Amino acid sequence: MVERETWATRVGFILAAIGSAVGLGNIWRFPFQTASSGGSAFLAVYLLAVVVIGIPALLAEFVIGRRTHLDAINAFKRLGRSQWLFVGALGIVGSFWTLSYYSVVGGWVIRYVVGSLNGNALVAPGDYFGAVSAGPEAVAFHAAFMLITVVIVALGIERGIELATKFMVPSIVVLLLGLAVFAATLPGAGQGYEFLFSFEPGAIASNASTVIPAAVGQALFSLSVGFSVMITYASYIGKDDNLFTDGVTIAVSNTFVGVLAGLVVLPLLATQTGNPGEGGPGAVFVAIPTALANLPLGRVVGVVFFLVVLIAALSSSISLLEAVTSYLVDQGLSRVPTAAGLGAIIFLLGVPSAWDTAWLSWFDGIAVALFLPITVLLVVVFVGWVMGRDAMDELRQGMGSDGIAPLWLWALRTVVLLAVIGVVALNLYDLFLTPEKGVYIVPPL
Ligand code: PHE
């Protein structure tokens with residue numbers, strides 16, 4: 001039997017996990033979700049959700065992975081809890097499902113790097129988005145994005161994912177910082193910042209039933225929990241890291257990049273529409289090029305911006321593919337054909353999303369409102385109540401102080417559990433009982 005792969009260094013694991021967390025979620029989804037759900041009110045709930053649910057759930061996934069050193073399905077068997085392996089399987093299905101449309105958006109981004117370079121994306125941004133976001137060309141760029149993802153995953157943990165993210169994550173931060181400095185010089189900057197940071201509790205209270213699930217969903221999606229990805233990444237940890245410090249580092253970095261992206265995107269949107277809240281899902285793809293068209297050096301800024309988005313998207317897509325690949329590799333299949341075969345199947349699943357954006361929204365709705373919260377709930381119950389003390393012992397490994405682990409277990413069993421139950425209930429209510437939202441569960445046939 002071939003020896004199972006591991007990360008070469010602890011920093012390698014942390015950067016790979018940050019790479020997974022930082023993605024389209026931070027740069028594409030976060031600013032427009034914030035903009036459409038009450039700005040700073042959304043931000044406040046999001047931050048609370050990262051601390052109360054996100055970090056404890058992230059640690060729960062880490063514990064399953066590092067305890068067993070196995071993929072998310074075999075991990076449950078190794079723990080002697082085969083009846084629970086459907087939880088890992090559900091997460092893996094979630095990864096499979098999400099990658100299918102994530103890659104379509106990734107394809108748009110490749111297109112926009114090129115379109116900014118030759119200037120085509122900036123001429124008539126609305127028409128350009130309409131032309132490239134759906135149809136045969138979107139399918140072709142979706143294929144290209146998937147191909148890059150497959151190549152990195154096929155190269156393996158150390159020579160593929162770890163090596164790639166070691167370059168990707170620092171590049172994202174440096175380039176975004178540069179863009180944020182540039183955005184600060186724009187006339188709309190003050191308005192953009194105000195939108196992001198002026199806190200209005202009233203905005204949460206009046207829309208609680210939609211702002212809360214949206215912000216929590218965003219927090220969990222952004223941290224990459226709920227899709228078995230963090231179970232898988234933690235399974236490659238060789239030595240005993242301090243999982244708590246690693247988890248906090250990852251969550252803080254991820255939030256930092258999200259806010260940084262907001263500092264780039266919202267000032268740009270403000271130069272253009274006057275109200276950053278009007279961007280919508282096309283914000284990044286329509287409003288940004290519109291704003292850039294009127295700026296000196298707009299094309300250069302456009303190339304840098306979409307390059308950042310592309311790098312971030314790739315460092316996440318590889319983690320989604322790895323969660324699925326890992327299971328088959330642990331079953332004894334060889335990595336290269338497995339990654340390639342899975343890439344091909346997931347590509348096919350994404351063709352409807354590439355053909356028509358209505359499908360893309362449907363896939364995204366099901367992933368973030370259904371798969372994600374339900375899997376997180378099951379993971380919390382499993383680690384808190386089924387693994388219990390074993391989980392606490394595992395978190396303790398490699399930790400200096402002792403106090404955090406019992407506190408974490410207690411929180412997982414009570415506060416976190418109740419919060420996740422509340423979120424699942426709100427999501428189900430939205431999906432099944434609110435006619436306007438219910439469209440999500442009906443495929444757009
Ligand atoms: N966290 C990624 C993002 O924000 C998306 C993702 C979710 C990746 C779940 C892996 C697992 O874009």
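The model is predicted, so local features need pLDDT of at least 70 and side-chain atom pairs count only at pLDDT 80 or more, while totals for chains, interfaces and linings use all residues. Numbering starts from 1 along each chain as its sequence is written, and side-chain values use heavy atoms, with hydrogens and water left out.

I'll start with the ligand. There are 15 residues around the ligand, and Ala21, Gly25, Tyr102, Phe221 and Ser224 come nearest; near means that a heavy atom of the residue lies within 4 Å. A polar backbone atom of Ala21 is 3.0 Å from a nitrogen atom of the ligand. For Ser222, a polar backbone atom is 3.1 Å from a ligand nitrogen. Asn26 places a polar side-chain atom 3.5 Å from a ligand oxygen. On its own the ligand has 320 Å² of accessible area, and the protein covers 100% of that. Accessible areas are Shrake-Rupley values with a 1.4 Å probe; for residues, only the protein chains shown count as cover.

Next, Ser103. This residue is in helix H5, residues 85-117; helices are DSSP runs of H or I, at least four residues, numbered from the N terminus. Ser103 is buried, at 0% relative accessible area. Buried means under 20%, exposed over 50%, and partly exposed in between, with a 1.4 Å probe and protein chains only. The side chains of Ser103 and His142 form a polar contact of 2.8 Å. Such a contact is a pair of N or O atoms within 3.5 Å; within protein, one must be able to donate a hydrogen and the other to accept it, and residues adjacent in sequence count only if both atoms are side-chain atoms.

Now the salt bridges, of which the structure holds 11. The criterion is a side-chain nitrogen of Lys or Arg within 4 Å of a carboxyl oxygen of Asp or Glu. Arg10 and Asp246 meet at 2.5 Å, N to O. Arg10 is in helix H1 (residues 10-21) and Asp246 in helix H14 (residues 243-273), so this pair ties together parts 236 residues apart in sequence. Which of these two is buried? Asp246 is, at 1% relative accessibility, whereas Arg10 is partly exposed at 37%.

Last, the surface. Leu428, Tyr429, Phe432 and Leu433 make a nonpolar patch of about 430 Å². Patch residues have over 30% relative accessible area and no salt bridge; like charges are joined within 9 Å, nonpolar side chains (Val, Leu, Ile, Met, Phe, Trp, Tyr) within 5 Å. Tyr429 lies in helix H20, residues 404-433, and is partly exposed at 46%.

Methods:
Helices (H or I, at least four residues) and strands (E, at least two) are DSSP runs, numbered from the N terminus.
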